[in-house]
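Below is what I'm looking at, followed by what I looked up.

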Amino acid sequence: MKPIQPTAEQRAHLSSPYSPAFTQLLPGLLLTAAVAMVALTVRNLTGWTTLSPLILSIVFGMLIRNLAPVPTAVEPGIGFSLKRILRFGIVLLGLQVTAGQILSLGGAGLAMVALTLVTTFVAIRLVGRAMGVDKSLTDLIAAGTSVCGASAVIAANTVVRGKQEHVAYAVACVTLFGSLSMLAYPLLATPLGLDARGYGLWTGSTIHEVAQVVAAAFQGGDVAGQFGTISKLARVVMLAPLIMTLALAMRSGGEGPSKASAPMPWFVLGFIGMMLVNSAVAIPAEVSQTLVTLTSFLLSMALAAMGLQTDIRKLKAEGWRPLALGAFGWLFIAVFGYAMLKLFAF
């Protein structure tokens, strides 16, 4: 007996944006979009380009969650923002870098960036285990410190699947220590004997957020700013293999039954695909800037959703150890990155 097929009218209804599934998502989507828009507006009005809208979004989301009751009607849309919109934003992130930019660092520059990233990630993981910090939280702090701040934290969490409080704590760590680096690095360039190229590579390979790197690197001049930005983009590209490696390790390594079923982050292949498209096709500057804004907006929606699910009381319950781990990672990546500079004779 053949299954009954829906009529054309029924199919149109099911695919309509006004279907019940979409209307259930709409309140939460509007809320996360509103928080993201406020974050972008605050950043633009203040003129503080180092003030990441991603970080503002999670802060605003947490304020809403902890100062007022969040209606149950917004929960489906918040969940959609946290999963689907997050992945789409990470895919679009690939359009902000080209293979040519990465290769312009040369073999030594790429080796320095890669070694600093991998060694920092492994060191934070080992120290976190020794300190007794939660494994998921340790992995999130390691990803945020070694790769690219808040974006890496939320990308890693698609595999690690830590609590929302873990995500918020990790984002707070990379924000705090990345901001300290942004302020301290320009003062250290001369005492450490770094020329423009070396200073740029050091900032790009060791400071947490992209905006923080740009702010610190360009204080050393245009050459330093360019090398800092490109080396930071190289770290962003390395987010894809890191997330895939984490997923494979958790599926095969067996850190408990829930970890063994960790999903494969196939969206990182989309990230790589977008990078290849951007490398092969000259995207007009106006379109590129629009895509940058859209990517920031989508990732801000995801961070807003995380904030809306974060209980500050549970965040406080994590204690001081994760903060100490973040401080260790901050110092480790700065010192190790500088050692790599000297090793590769920059």
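**Salt bridges.** I count a salt bridge when a side-chain nitrogen of Lys or Arg is within 4 Å of a carboxyl oxygen of Asp or Glu. By that rule I get 4 salt bridges. Arg-125, Arg-129 and Asp-139 are linked in a network of them.

**Ground rules.** This is a predicted model, so local features need pLDDT of at least 70 and side-chain atom pairs count only at pLDDT 80 or more, while totals for chains, interfaces and linings use all residues. Residues are numbered from 1 along each chain as its sequence is written, and side-chain values use heavy atoms, with hydrogens and water left out.

I looked up Arg-125 and Asp-139: their closest N and O atoms are 2.6 Å apart. Arg-125 lies in helix α6 and Asp-139 in helix α7 (residues 135-148), so this pair ties together parts that are 14 residues apart in sequence. My helices are DSSP runs (H or I, at least four residues), numbered from the N terminus. Arg-129 meets Asp-139 too, at 3.8 Å, N to O. Is Asp-139 buried or exposed? Asp-139 is buried, with a relative accessible area of 1%, whereas Arg-129 is partly exposed at 30%. My cut-offs are under 20% for buried, over 50% for exposed and partly exposed in between (1.4 Å probe, protein chains only).

**Another pair.** Arg-313 forms a salt bridge with Asp-311, the closest N and O atoms being 3.1 Å apart. Arg-313 counts as exposed at 66%, but Asp-311 counts as buried at 7%.

**Helix α6.** I checked the span of α6 (residues 106-131). At 1.5 Å a residue (times one less than the number of residues), its 26 residues should span 38 Å, and the end C-alpha atoms are 37 Å apart, which agrees. Its buried residues include Met-112, Leu-117 and Phe-121. Gly-132 follows α6, with a positive phi near 80°.

**Cores.** For me a nonpolar core is a set of buried Ala, Val, Leu, Ile, Met, Phe, Trp, Tyr and Cys residues joined through side-chain atoms within 4.5 Å. The largest has 85 residues, and Val-171 and Tyr-199 have the most contacts inside it. Helix α9 (residues 164-188) gives the most to this core, with 9 residues. A second, separate core of 11 residues includes Leu-40 and Met-301.

What does Val-171 contact, leaving aside its neighbours within four places in sequence? I found Ile-55, Ile-58, Ala-150, Val-153 and Leu-303, taking contact as heavy atoms within 4.5 Å.

Methods. Helices (H or I, at least four residues) and strands (E, at least two) are DSSP runs, numbered from the N terminus.
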